[in-house]
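Biologist: Can you walk me through this one? I'd like to go topic by topic.

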Amino acid sequence: LASSAASDVYKRQIEDYLRATHNFRVGAEYRFNSLFSLRAGYAFWDSPYHNETHKNYNRIQAFTAGAGLNFGMFYCDAAFIHKFSENETVFYSYYDIQAEPVKNKYLSNEARITLGIRF
């Protein structure tokens, strides 16, 4: 019984700290002909934290763009991903002593090329 009560306490603490969230992704592709196509997309991952001061933090957004060449059995795809996010971190918190929060901005740009053979 004691471990069941402890697990209920932990479950409530987690539910107080985190919330259900959603992810959203949308994309489109346009084929000019059987050889060449262009793609674009957007993705959004919402923050899982309940705290009102952090509601706009810890969200991730990404924009993507790409192009593809289709040579029948061979293909080549190129993509670019621009991803960014902001968060707020407290590096030290012990009872009544708490460090000032630090605001961080994350930015990443990725380029990818895929070469393939269909068989």
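Biologist: Is I117 buried, partly exposed or exposed?

Modeller: This is a predicted model, to begin with. In it, I117 is partly exposed, at a relative accessible area of 47%.

Biologist: Where does I117 sit?

Modeller: In strand 7.

Biologist: And which residues make the nonpolar surface patch?

Modeller: I117 is one of them.

Biologist: What holds strands together in general?

Modeller: Strands of a sheet pair through backbone hydrogen bonds, in a parallel or antiparallel way.

Biologist: Over how many bridges do strand 3 and strand 4 pair?

Modeller: Over 13 bridges, in the antiparallel sense. Strand 3 spans residues 59-71, and strand 4 spans residues 74-89.

Biologist: What stands opposite L69 there?

Modeller: C76, in strand 4.

Biologist: New topic. How many salt bridges are there in the whole structure?

Modeller: Six. R19, D46 and R59 are linked in a network of them.

Biologist: Start with D46 and R19. How far apart are the closest N and O atoms?

Modeller: 3.3 Å. The pair links distant parts of the chain, 27 residues apart. D46 is in the loop between strand 2 (36-45) and strand 3, and R19 is in the loop between helix 1 (2-17) and strand 1.

Biologist: And what is that distance for R59 and D46?

Modeller: There the closest N and O atoms are 2.9 Å apart.

Biologist: Is D46 buried or exposed?

Modeller: Buried. Its relative accessibility is 10%, and the cut-off for buried is under 20%.

Biologist: What do the side chains of E110 and R112 form?

Modeller: A salt bridge, 2.6 Å from N to O. E110 counts as partly exposed, at 26% relative accessibility. R112 is also partly exposed, at 48%.

Biologist: Last topic. Where does H50 lie?

Modeller: In the loop between strand 2 and strand 3. D46 is in that loop too.

Biologist: Is H50 buried, partly exposed or exposed?

Modeller: Partly exposed, at 37% relative accessibility.

Biologist: Which residues is H50 in contact with, leaving aside its neighbours within four places in sequence?

Modeller: E15, D16, Y17, L18 and R19. R19 is a member of the salt-bridge network too.

Biologist: How far apart are the C-alpha atoms of H50 and Y17?

Modeller: They are separated by 5.6 Å. Along the chain, H50 and Y17 are 33 residues apart.

Technical notes
Residues are numbered from 1 along each chain as its sequence is written. This is a predicted model: local features need pLDDT of at least 70, side-chain atom pairs count only at pLDDT 80 or more; totals for chains, interfaces and linings use all residues. Side-chain values use heavy atoms; hydrogens and water are left out. Two strands pair if DSSP finds at least two bridges between them. Helices (H or I, at least four residues) and strands (E, at least two) are DSSP runs, numbered from the N terminus. A salt bridge is a side-chain nitrogen of Lys or Arg within 4 Å of a carboxyl oxygen of Asp or Glu. Buried means under 20% relative accessible area, exposed over 50%, partly exposed in between (1.4 Å probe, protein chains only). Patches are made of residues with over 30% relative accessible area and no salt bridge: like charges are joined within 9 Å, nonpolar side chains (Val, Leu, Ile, Met, Phe, Trp, Tyr) within 5 Å. Accessible areas come from the Shrake-Rupley method with a 1.4 Å probe; for residues, only the protein chains shown count as cover. Contact means heavy atoms within 4.5 Å.
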